[in-house]
Amino acid sequence: MLVTGQRLQRRPQEDASVWLSHMGEQTQTLSAGETTTHAIIVAEAQAEAHAQSGAEQLSAPPPSQPQQAYYHQHHLQVEGDRKHHNNPLVDSDPTFHSNSSPSSSKIPFRPRKVRKVSNASQEDALNKRDSGNAVSNSNNLLLVKSRKSVPPPPALVTRTLSCDGEVGLAIRHLRNSDPLLARVIDSHPPPAFQNLHPPFHSLARSILYQQLAFKAAASIYSRFLSLCGREDGVVPEAVLGLTPQQLRQIGVSARKASYLHDLASKYTSGILSDAAIISMDDRSLFSMLTMVKGIGAWSVHMFMIFSLHRPDVLPVGDLGVRKGVQLLYGLEELPRPSQMEQLCERWRPYRSVGSWYMWRLVEGKGSPTTPAVAGPQQQPQLLDPVNALANLG
């Protein structure tokens, strides 16, 4: 019991040899029965002293206080992860192995796999992404185009038949493109197109001439000029100032009076204007003018040829042009309006001049010049509108 008490009070800092010698002296006073127990205790003390001395020889110089705090904290953290989370990273920690038992260094350790991407693969990925975006954008563009297919706007006519040399170019083109039409061209003098009146004046005059003989229409037109204050006074404001009763007194019907007022009101409201009519392309102009009451397709075609002098107008519904095409090509029947585009395709872009020669061809054959029967809301189609509408422009 004395030995055990001394063993518990022993401090690790005592010298092992001194303590063992002291224990040897005390063994002499023990009885024979206690010799075995004493020997076992001494052997255990020797083993502990040997292990302590070996550890002190292998250990490095004592670390400083900051290092001790770091190692102590790190060891506690690693030890806690190992016990509670079984973290595999503890196996690779050198500090943990140095402070743990030798058996811990034998635990297998698998390094973390890191996927490396080369520059070439990165460039390939970027190229695929860019190509995919380009294909997507092109597909979207094709989809938009397929959903909404808008035809290109027609080219604006910059040269009219009243420009110098334009009629000569038209005649040369028609001679080369159609040998049958060349014979008609040789039999008649070339046409002349002069700009006499502004668009509003010409449209008002075309309304007054509808469904009337040339002499009767010329008489009514002369009285109309007197009401407006001669030719310069034919403006939208002056026409709106004329009452239906005043127009009735000079021979204008109530229906034509409403047509004249509708045309003038569209001018005053800004829907139409002389400048806009001159600058419009043929298709837009046709759509806008047919919105006016009393102005149909035939009136628009006559206005575009004889007032605006547009070079490529084909009045497919005009009876005189249709009759001239029948005579020119020797057709058994009068061509329908739907056939006129194909028959006169070779005249482009001077179909207005070709139509003028068709009127001359019908006049030379002695065909009657009386108006044809007009359909509903359409103007009568003259066989020879050149004589009837010579002063339209």
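A crossing of two helices is left-handed if the near helix is turned anticlockwise from the far one by less than a right angle, and right-handed if clockwise. By that rule, α9 and α13 cross right-handed.

This is a predicted model, where local features need pLDDT of at least 70, side-chain atom pairs count only at pLDDT 80 or more, and totals for chains, interfaces and linings use all residues. Residues are numbered from 1 along each chain as its sequence is written, and side-chain values use heavy atoms, without hydrogens and water.

**The helix pair**

Helices (H or I, at least four residues) are DSSP runs, numbered from the N terminus. Helix α9 spans residues 199-208 and helix α13 residues 254-268; they pack at about 165 degrees, with axes 10 Å apart. That makes α9 roughly antiparallel (angle over 145 degrees) to α13. Axes are lines fitted to C-alpha atoms over the stretch in contact, and angles run from 0 to 180 degrees between N-to-C directions.

Contact means heavy atoms within 4.5 Å. From α9 come P199, F200, L203, A204, I207 and L208; from α13 come K256, Y259, L260, L263, A264 and Y267.

**Buried residues**

Buried means under 20% relative accessible area (1.4 Å probe, protein chains only).

| Residue | Relative accessible area |
|---|---|
| C228 | 11%, buried |
| C344 | 0%, buried |
| K266 | 13%, buried |

K266 lies in α13. Beyond its neighbours within four places in sequence, K266 contacts I271, L272, M291 and V292.

**Disulfides**

A disulfide is a pair of cysteine sulfur atoms within 2.5 Å. The count is zero.

Definitions and conventions. Helices (H or I, at least four residues) and strands (E, at least two) are DSSP runs, numbered from the N terminus. Angles under 35 degrees count as roughly parallel, over 145 as roughly antiparallel, 65 to 115 as roughly perpendicular and the rest as oblique. Buried means under 20% relative accessible area, exposed over 50%, partly exposed in between (1.4 Å probe, protein chains only).
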